[in-house]
Amino acid sequence: MNEQQPKTIAKADLTGIRRGIEKESLRARPNGHLALTPHPAALGSALTHPHITTDYSESQVELITGVHGGHAGVEACLAELTEVHQGVYKVMQSLACGQDDGERLWVGSMPCELPTDETIPLGRYGKSNVGRSKSVYRMGLGQRYGRRMQTISGIHYNWSMPGVSSEQYFALIRNFRRHSFLLLYLFGASPALSSSFVEGREHRLQRFGDHSLYLPHATSLRMGRLGYQSDAQSALAVSYNCLSSYADSLQEALTRPYAPYEAIGVRNPGGDYNQLSTSLLQIENEFYGTIRPKRVVKAGERPLHALRERGVEYVEVRCMDLDPFMPVGINAQTARFLDVFLLHCLLTDSPADTAAEIAALGENQHLVAEHGREPGLRLLDAAAPGGSRLLSDWGTELLDQCAPMAALLDEAQGSQDHAEALAAARRTLADPDSTPSARVLSMMASDFDNRYVDFMCQQSEQTRQLILGLPYSEAMAQKFAAQARDSVAAQQAIEAADLLPFDAYLQQYMAAEQIRV
């Protein structure tokens, strides 16, 4: 361990690990096409509801748990995520009419059948300044990258541990970026997609049946070149060596005009907004990455200002696909492995990153996303002889290094759960056919004539029935109804309190001084 890292870990700190989950899912019709209906009013306000919002589109639900720690933290987090699913499905079922059994949550990371790009509905958050700015931001994302790319969904795993400084969180992040290829291999579940996703775009995918495309050894196309990627952002070499270098890198991207986006303009000729700004990034959240340093923001505060002023509060893991074989997209064993993996990233030596390493890590991400199960796949590693090493060897070494962390967590919690999660990862690494990505392709081939949408339709319907079949008490129903009512009232209060015209609000919020301290 280097001097930046905690030399010892107290049992109280290990049991104090806190995690929360954010899960995105498209609303889809029974035939596998995107639902174009507004976010259901019975779910409350997408602007202010604590657990149910929308991500990019009105058709893309985002479900959010609270923060859970202690011995039962993983189980409690997943239990809450399951309950939120129940509340959403009860509302969606109540809106079904006639012989149509209603909408369902799409269980795949790669989207269902999509309409034309401009038909995908942007998220709407009411008439307040903050609500309107969220919609303008989404308009800008569509202008810059196309709306289809934004319909990709995933799991975000938020993680923190007591006593960890910003410097230590950045050391964790550097190691995570070096080693997250292993997560793509073990848990990637998006090796195929509907051909509607890439209509009109160049790609290197192969045909898989009549209406699907794939790569035979892909793990996570979501994390590959067709996923959350941007040619413009690829020029950004954001350093994670410390908070100040990270913040300075982002500030440059947030404030310097970018010619292609200047050509789009902030407004169209009719005066409507095209985007929030003409800089490389409109706001901080536009920066794509496998992991982010985060801090809860105050009302009206910019995320970068919050980080600079008060430091890193937690990290957000962003590279996890939805697991279509799990009812809520992730299970306890996967969450426990993430706890082990993140603890390993925190406790092991973490050298400073370089521009050359950042470029190599980007290449490794694409290699594993698109070819991860390919026998003999080698990844770039400047420290290895010849500058590369076998994924299988590197992965085995990392899992060996994770064993002490699993033992620490099990000792603190009085269980073998983390050792079992690590053992499961070893089995998956040794058997590529057991990975979620291989299982998706196998089931598509054996039961669905290689049709991605047909396979995901069945998985989504099975999940809908399973969730609706769980016990749902009157108290749970009343709780969700109250949360919906309260969120609507909270949105109305925000709208009533606005004093500035929207143009003035936006100018003030986007000012460069808002991201400085």
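Mentor: Let's start with α12 and helix α13 (residues 417-430), which pack at an angle of about 170° with their axes 7 Å apart. That makes α12 roughly antiparallel to α13 (the word is used for angles over 145 degrees). Helices here are DSSP runs of H or I with at least four residues, numbered from the N terminus. Axes are lines fitted to C-alpha atoms over the stretch in contact, and angles run from 0 to 180 degrees between N-to-C directions. Please keep in mind that this is a predicted model, where local features need pLDDT of at least 70 and side-chain atom pairs count only at pLDDT 80 or more, while totals for chains, interfaces and linings use all residues. Residues are numbered from 1 along each chain as its sequence is written, and side-chain values use heavy atoms, with hydrogens and water left out.

Back to our pair: α12 passes α13 in a left-handed crossing (the near helix is turned anticlockwise from the far one by less than a right angle). On the α12 side, the residues that meet α13 include Leu391, Leu399, Ala403, Ala406 and Leu409. Their partners in α13 include Ala419, Leu422, Ala425 and Leu429. Contact means heavy atoms within 4.5 Å. By class, this contact has 10 nonpolar, five polar and four charged residues (Asp, Glu, Lys and Arg count as charged; Ala, Val, Leu, Ile, Met, Phe, Trp, Tyr, Cys and Pro as nonpolar; the others, Gly among them, as polar).

Now for the space beside this helix. The second largest pocket holds about 480 Å³. A pocket is an open set of points on a 1 Å grid over the protein atoms alone, where a 1.4 Å probe fits, with protein on both sides within 12 Å along at least five of seven lines; lining residues have an atom within 4 Å of a point. Points are joined across faces, edges and corners, and the volume is the space filled by probe spheres set on them.

This second largest pocket is lined by 24 residues, and Arg178, Glu357, Asp381, Ala382 and Trp394 are the closest to its centre. Two or more lining residues come from each of α5 (166-179), α11 (355-371) and α12 (391-413). It is α11 that gives the most, with five residues. Sorted by class, the lining of the second largest pocket has 10 nonpolar, eight polar and six charged residues.

Terms used:
Parallel < 35°, antiparallel > 145°, perpendicular 65-115°, else oblique.
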